[in-house]
Amino acid sequence: MLDTLNPDDVARWRRDWETMMRHYQPGRDDLLAAGLAAAEQLLGRAPERVLDVGGGPGTTAEAVLRRWPDANVTVLDVDPALLALADTALPQVRTVRADIGSPRWLPPAGGPYDLVLALMTVHYLPEDRVRDWYAEVQQLLRPEGLLLVGDVMPDAPGPTRQQSGGTDPWTAWWTALAEESAMRSLLNARAVALSGLSSAEFVAPAEWHRQAAHRTGFADATVVHRWADHALMAFLPLRDRR
Ligand SMILES: C[S@@+](CC[C@H](N)C(=O)[O-])C[C@H]1O[C@@H](n2cnc3c(N)ncnc32)[C@H](O)[C@@H]1O
(Lines give C-alpha, C1' and ligand atoms only; values in the text may rest on other atoms or scores of the structure.)
Protein backbone atom coordinates (compact mmCIF):
# COMPACT_ATOMS: atom_id res chain seq x y z
CA MET A 1 0.00 0.00 0.00
CA LEU A 2 1.55 3.33 -1.06
CA ASP A 3 1.42 6.36 1.24
CA THR A 4 -0.95 9.23 0.45
CA LEU A 5 0.98 12.28 -0.68
CA ASN A 6 0.37 15.76 0.67
CA PRO A 7 -0.75 17.96 -2.27
CA ASP A 8 1.24 20.96 -0.97
CA ASP A 9 4.42 18.88 -0.83
CA VAL A 10 3.73 17.52 -4.30
CA ALA A 11 3.21 21.06 -5.61
CA ARG A 12 6.61 22.06 -4.18
CA TRP A 13 8.41 19.00 -5.58
CA ARG A 14 6.90 19.61 -9.01
CA ARG A 15 7.92 23.30 -8.92
CA ASP A 16 11.45 22.20 -8.03
CA TRP A 17 11.28 19.69 -10.88
CA GLU A 18 10.59 22.50 -13.35
CA THR A 19 13.48 24.55 -11.95
CA MET A 20 15.72 21.49 -12.31
CA MET A 21 14.52 20.77 -15.87
CA ARG A 22 15.12 24.37 -16.95
CA HIS A 23 18.78 23.74 -16.11
CA TYR A 24 18.90 20.83 -18.57
CA GLN A 25 16.60 22.38 -21.16
CA PRO A 26 17.40 26.08 -21.42
CA GLY A 27 14.55 28.04 -22.98
CA ARG A 28 12.15 25.29 -21.85
CA ASP A 29 9.14 27.55 -21.23
CA ASP A 30 9.45 29.31 -24.61
CA LEU A 31 10.05 25.98 -26.33
CA LEU A 32 6.89 24.44 -24.93
CA ALA A 33 4.81 27.56 -25.60
CA ALA A 34 6.04 27.59 -29.21
CA GLY A 35 5.26 23.87 -29.53
CA LEU A 36 1.71 24.16 -28.25
CA ALA A 37 1.03 27.20 -30.44
CA ALA A 38 2.41 25.35 -33.48
CA ALA A 39 0.33 22.28 -32.65
CA GLU A 40 -2.85 24.34 -32.60
CA GLN A 41 -1.93 25.96 -35.88
CA LEU A 42 -0.95 22.71 -37.63
CA LEU A 43 -3.97 20.80 -36.33
CA GLY A 44 -6.25 23.73 -37.12
CA ARG A 45 -7.92 23.39 -33.69
CA ALA A 46 -7.23 22.49 -30.08
CA PRO A 47 -6.33 18.79 -29.73
CA GLU A 48 -8.93 16.63 -28.01
CA ARG A 49 -6.62 13.79 -26.97
CA VAL A 50 -2.99 14.36 -25.95
CA LEU A 51 -0.32 11.82 -24.93
CA ASP A 52 2.82 12.98 -23.11
CA VAL A 53 5.44 10.23 -23.49
CA GLY A 54 7.95 10.26 -20.64
CA GLY A 55 5.77 12.90 -19.05
CA GLY A 56 7.29 12.43 -15.57
CA PRO A 57 5.48 14.35 -12.82
CA GLY A 58 3.03 15.88 -15.28
CA THR A 59 4.32 19.45 -15.40
CA THR A 60 4.06 19.49 -19.19
CA ALA A 61 0.59 17.94 -18.97
CA GLU A 62 -0.35 20.82 -16.67
CA ALA A 63 0.84 23.35 -19.26
CA VAL A 64 -1.17 21.48 -21.91
CA LEU A 65 -4.28 21.71 -19.73
CA ARG A 66 -3.70 25.40 -19.06
CA ARG A 67 -3.81 26.00 -22.81
CA TRP A 68 -6.52 23.45 -23.64
CA PRO A 69 -8.64 22.90 -20.49
CA ASP A 70 -10.98 20.46 -22.26
CA ALA A 71 -8.21 18.18 -23.55
CA ASN A 72 -8.15 14.54 -22.51
CA VAL A 73 -4.52 14.11 -21.41
CA THR A 74 -2.54 10.92 -20.76
CA VAL A 75 0.91 10.90 -19.14
CA LEU A 76 2.97 7.78 -19.88
CA ASP A 77 6.18 7.03 -18.03
CA VAL A 78 8.19 4.10 -16.71
CA ASP A 79 8.71 5.75 -13.31
CA PRO A 80 6.00 5.03 -10.68
CA ALA A 81 7.25 7.76 -8.33
CA LEU A 82 6.97 10.50 -10.95
CA LEU A 83 3.57 9.20 -12.05
CA ALA A 84 2.37 9.35 -8.45
CA LEU A 85 3.23 13.07 -8.38
CA ALA A 86 1.27 13.54 -11.63
CA ASP A 87 -1.66 11.56 -10.20
CA THR A 88 -1.80 13.66 -7.04
CA ALA A 89 -1.46 17.01 -8.80
CA LEU A 90 -3.64 16.27 -11.81
CA PRO A 91 -6.43 13.82 -10.97
CA GLN A 92 -8.11 14.59 -14.30
CA VAL A 93 -5.11 13.19 -16.19
CA ARG A 94 -4.80 9.47 -17.00
CA THR A 95 -1.41 8.08 -16.04
CA VAL A 96 0.05 4.95 -17.62
CA ARG A 97 3.15 3.11 -16.49
CA ALA A 98 4.95 1.66 -19.50
CA ASP A 99 8.48 1.27 -20.83
CA ILE A 100 9.07 2.74 -24.29
CA GLY A 101 12.19 0.60 -24.56
CA SER A 102 10.16 -1.99 -26.49
CA PRO A 103 6.96 -1.95 -28.60
CA ARG A 104 5.09 -3.32 -25.59
CA TRP A 105 4.36 0.29 -24.57
CA LEU A 106 1.84 0.63 -27.42
CA PRO A 107 -1.21 -1.28 -26.07
CA PRO A 108 -1.27 0.47 -22.66
CA ALA A 109 -0.67 3.84 -24.34
CA GLY A 110 -4.12 3.67 -25.93
CA GLY A 111 -5.00 6.13 -28.65
CA PRO A 112 -5.66 7.40 -31.18
CA TYR A 113 -4.29 10.81 -30.21
CA ASP A 114 -4.41 14.20 -31.90
CA LEU A 115 -1.10 15.15 -30.33
CA VAL A 116 1.79 13.08 -28.94
CA LEU A 117 4.56 14.91 -27.08
CA ALA A 118 7.97 13.71 -25.93
CA LEU A 119 10.09 16.29 -24.13
CA MET A 120 13.61 15.37 -23.03
CA THR A 121 12.66 11.70 -23.30
CA VAL A 122 13.85 10.16 -26.59
CA HIS A 123 17.52 10.62 -25.62
CA TYR A 124 16.96 7.84 -23.06
CA LEU A 125 16.64 5.39 -25.97
CA PRO A 126 19.49 4.00 -28.06
CA GLU A 127 19.64 5.05 -31.71
CA ASP A 128 17.94 1.98 -33.22
CA ARG A 129 15.19 2.16 -30.66
CA VAL A 130 14.52 5.85 -31.45
CA ARG A 131 14.05 4.87 -35.12
CA ASP A 132 11.54 2.15 -34.16
CA TRP A 133 9.84 4.50 -31.71
CA TYR A 134 9.04 6.94 -34.55
CA ALA A 135 7.33 4.09 -36.41
CA GLU A 136 5.43 3.03 -33.32
CA VAL A 137 4.13 6.54 -32.55
CA GLN A 138 2.34 6.58 -35.89
CA GLN A 139 0.16 3.73 -34.68
CA LEU A 140 -1.10 5.99 -31.89
CA LEU A 141 -1.74 9.11 -33.96
CA ARG A 142 -4.93 10.01 -35.71
CA PRO A 143 -4.33 10.39 -39.48
CA GLU A 144 -4.37 14.16 -39.05
CA GLY A 145 -2.44 14.02 -35.77
CA LEU A 146 0.88 15.55 -34.82
CA LEU A 147 4.03 14.51 -32.96
CA LEU A 148 6.18 17.03 -31.07
CA VAL A 149 9.66 15.97 -29.95
CA GLY A 150 11.86 18.28 -27.88
CA ASP A 151 15.39 17.23 -27.00
CA VAL A 152 19.07 17.98 -27.44
CA MET A 153 19.47 18.26 -31.21
CA PRO A 154 22.66 20.13 -32.08
CA ASP A 155 22.93 21.49 -35.62
CA ALA A 156 26.09 19.51 -36.17
CA PRO A 157 26.79 15.92 -35.03
CA GLY A 158 28.65 15.87 -31.74
CA PRO A 159 29.87 13.40 -29.14
CA THR A 160 27.29 11.53 -27.10
CA ARG A 161 26.71 13.37 -23.85
CA GLN A 162 28.43 11.94 -20.83
CA GLN A 163 26.76 11.51 -17.47
CA SER A 164 27.99 14.35 -15.28
CA GLY A 165 29.63 13.53 -11.99
CA GLY A 166 29.05 15.22 -8.63
CA THR A 167 25.76 16.57 -7.35
CA ASP A 168 24.08 17.81 -10.48
CA PRO A 169 20.54 19.27 -10.25
CA TRP A 170 18.96 15.93 -11.26
CA THR A 171 20.73 14.06 -8.44
CA ALA A 172 19.98 16.88 -6.01
CA TRP A 173 16.24 16.74 -6.81
CA TRP A 174 16.08 12.97 -6.30
CA THR A 175 18.18 13.19 -3.13
CA ALA A 176 15.77 15.75 -1.67
CA LEU A 177 12.82 13.54 -2.58
CA ALA A 178 14.45 10.55 -0.88
CA GLU A 179 14.49 12.52 2.38
CA GLU A 180 10.69 12.73 2.34
CA SER A 181 9.24 9.83 4.37
CA ALA A 182 5.97 9.94 2.37
CA MET A 183 7.93 9.01 -0.74
CA ARG A 184 9.66 5.98 0.76
CA SER A 185 7.45 3.23 -0.62
CA LEU A 186 7.16 4.94 -4.00
CA LEU A 187 10.92 5.24 -4.26
CA ASN A 188 11.24 1.55 -3.38
CA ALA A 189 8.76 0.78 -6.17
CA ARG A 190 10.80 3.02 -8.45
CA ALA A 191 14.01 1.16 -7.69
CA VAL A 192 12.34 -2.09 -8.73
CA ALA A 193 10.66 -0.63 -11.82
CA LEU A 194 13.84 1.03 -13.11
CA SER A 195 16.21 -1.78 -12.29
CA GLY A 196 18.27 -2.53 -15.40
CA LEU A 197 17.18 0.68 -17.18
CA SER A 198 19.59 3.46 -18.00
CA SER A 199 19.63 6.43 -20.32
CA ALA A 200 21.40 5.94 -23.64
CA GLU A 201 22.07 9.73 -23.67
CA PHE A 202 21.51 9.56 -27.42
CA VAL A 203 22.05 12.87 -29.17
CA ALA A 204 21.52 13.54 -32.87
CA PRO A 205 20.94 16.63 -34.98
CA ALA A 206 17.44 17.68 -36.01
CA GLU A 207 18.19 16.46 -39.53
CA TRP A 208 18.82 12.94 -38.18
CA HIS A 209 15.40 12.99 -36.49
CA ARG A 210 13.75 14.32 -39.66
CA GLN A 211 15.22 11.48 -41.74
CA ALA A 212 14.54 8.77 -39.15
CA ALA A 213 10.91 9.86 -38.87
CA HIS A 214 10.56 10.23 -42.65
CA ARG A 215 11.79 6.65 -43.20
CA THR A 216 9.04 5.39 -40.91
CA GLY A 217 6.36 7.28 -42.82
CA PHE A 218 6.19 10.77 -41.35
CA ALA A 219 5.66 13.12 -44.28
CA ASP A 220 7.37 16.17 -43.00
CA ALA A 221 9.17 17.63 -40.04
CA THR A 222 9.93 21.17 -39.04
CA VAL A 223 11.98 22.72 -36.27
CA VAL A 224 9.37 24.77 -34.45
CA HIS A 225 11.75 26.26 -31.91
CA ARG A 226 15.47 26.22 -31.27
CA TRP A 227 17.47 27.36 -28.25
CA ALA A 228 21.18 26.65 -28.51
CA ASP A 229 21.50 22.83 -28.84
CA HIS A 230 17.85 22.24 -27.93
CA ALA A 231 15.16 21.97 -30.56
CA LEU A 232 11.47 21.23 -30.66
CA MET A 233 10.37 19.44 -33.83
CA ALA A 234 6.89 18.86 -35.23
CA PHE A 235 6.26 15.70 -37.29
CA LEU A 236 3.22 15.22 -39.51
CA PRO A 237 2.06 11.79 -40.67
CA LEU A 238 1.95 11.06 -44.40
CA ARG A 239 -0.68 13.08 -46.24
CA ASP A 240 -2.24 9.96 -47.79
CA ARG A 241 -3.09 8.76 -44.28
CA ARG A 242 -5.10 11.96 -43.81
C1 LIG B 1 14.38 14.10 -18.31
S2 LIG B 1 12.87 13.45 -17.86
C3 LIG B 1 11.72 14.51 -18.73
C4 LIG B 1 10.33 14.42 -18.16
C5 LIG B 1 9.31 15.34 -18.82
N6 LIG B 1 9.11 15.01 -20.21
C7 LIG B 1 9.71 16.76 -18.67
O8 LIG B 1 10.15 17.38 -19.64
O9 LIG B 1 9.60 17.28 -17.56
C10 LIG B 1 12.75 11.96 -18.82
C11 LIG B 1 11.51 11.17 -18.54
O12 LIG B 1 11.50 10.03 -19.39
C13 LIG B 1 11.11 8.91 -18.61
N14 LIG B 1 11.66 7.71 -19.24
C15 LIG B 1 12.96 7.39 -19.39
N16 LIG B 1 13.10 6.18 -19.97
C17 LIG B 1 11.85 5.74 -20.20
C18 LIG B 1 11.33 4.54 -20.76
N19 LIG B 1 12.14 3.57 -21.20
N20 LIG B 1 9.99 4.40 -20.83
C21 LIG B 1 9.16 5.38 -20.38
N22 LIG B 1 9.59 6.53 -19.83
C23 LIG B 1 10.93 6.71 -19.74
C24 LIG B 1 11.70 9.19 -17.25
O25 LIG B 1 11.12 8.41 -16.23
C26 LIG B 1 11.45 10.67 -17.12
O27 LIG B 1 10.19 10.95 -16.57
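**Close-up views of a predicted model**

View 1. Asp-52 belongs to strand E1, which spans residues 49-53. Helices (H or I, at least four residues) and strands (E, at least two) are DSSP runs, numbered from the N terminus. The model is predicted: local features need pLDDT of at least 70 and side-chain atom pairs count only at pLDDT 80 or more, while totals for chains, interfaces and linings use all residues. Residues are numbered from 1 along each chain as its sequence is written, and side-chain values use heavy atoms, with hydrogens and water left out. Asp-52 has a relative accessible area of 3% and is therefore buried (buried means under 20% relative accessible area, exposed over 50%, partly exposed in between; 1.4 Å probe, protein chains only). Leaving aside residues up to four places away in sequence, Asp-52 touches Thr-60, Ala-61, Thr-74, Val-75, Leu-76 and Leu-117 (contact means heavy atoms within 4.5 Å). The C-alpha atoms of Asp-52 and Ala-206 are separated by 20 Å, and the two residues are 154 apart along the chain.

View 2. Helix H3 covers residues 59-67, and its residues Thr-59, Thr-60, Ala-61, Ala-63, Val-64 and Leu-65 are buried.

**View 3. The seven-stranded sheet.** Seven strands form an open sheet with mixed pairing, in the order E3-E2-E1-E4-E5-E7-E6 (two strands pair if DSSP finds at least two bridges between them). Strand E3 (94-97) and E6 are the edge strands, each pairing on one side only. From one strand to the next, the twist averages 20°. E1 and E2 pair in the parallel sense over five bridges, and Leu-51 stands opposite Thr-74 in E2. Helix H6 (residues 127-138) lies across E1, E4, E5, E6 and strand E7 (230-237), and runs at about 150° to E5. Axes are lines fitted to C-alpha atoms, for helices over the stretch in contact, and angles run from 0 to 180 degrees between N-to-C directions.

**View 4. The crossing of helices H1 and H4.** The axes of H1 and H4 come within 10 Å and cross at roughly 120°. This makes H1 oblique to H4, because angles under 35 degrees count as roughly parallel, over 145 as roughly antiparallel, 65 to 115 as roughly perpendicular and the rest as oblique. The crossing of H1 and H4 is left-handed (the near helix is turned anticlockwise from the far one by less than a right angle; clockwise would be right-handed). On the H1 side, Pro-7, Val-10, Trp-13, Arg-14 and Trp-17 meet Leu-82, Leu-85, Thr-88 and Ala-89 of H4. H4 is mostly covered, with seven of its ten residues buried: Pro-80, Ala-81, Leu-82, Leu-83, Ala-84, Leu-85 and Ala-86. The buried residues of H4 pack against H1, E2, E3, H7 and H8.

View 5. Side chains of opposite charge can pair when their charged atoms come close. The structure holds 17 salt bridges (a side-chain nitrogen of Lys or Arg within 4 Å of a carboxyl oxygen of Asp or Glu). In one of them, Arg-28 pairs with Glu-18, with the closest N and O atoms 2.6 Å apart. Arg-28 lies in helix H2 and Glu-18 in helix H1, so the pair ties together parts that are ten residues apart in sequence. Both Arg-28 and Glu-18 are buried. Asp-79 and Arg-190 also meet through their side chains in a salt bridge, at 2.5 Å from N to O. This pair links distant parts of the chain, 111 residues apart: Asp-79 is in the loop between E2 and helix H4 (80-89), and Arg-190 is in helix H8 (residues 184-193). Asp-79 is buried at 3% relative accessibility, and Arg-190 is buried with a relative accessible area of 19%.

View 6. Asp-155 forms a salt bridge with Arg-226, and their closest N and O atoms are 3.3 Å apart. The two residues are 71 apart and link distant parts of the chain, with Asp-155 in the loop between strand E5 (141-152) and helix H7 (169-178), and Arg-226 in strand E6 (residues 218-227). Asp-155 counts as exposed at 64% relative accessibility, whereas Arg-226 is partly exposed, with a relative accessible area of 28%. Arg-45, Glu-48, Asp-114, Arg-142 and Glu-144 are linked in a network of salt bridges.
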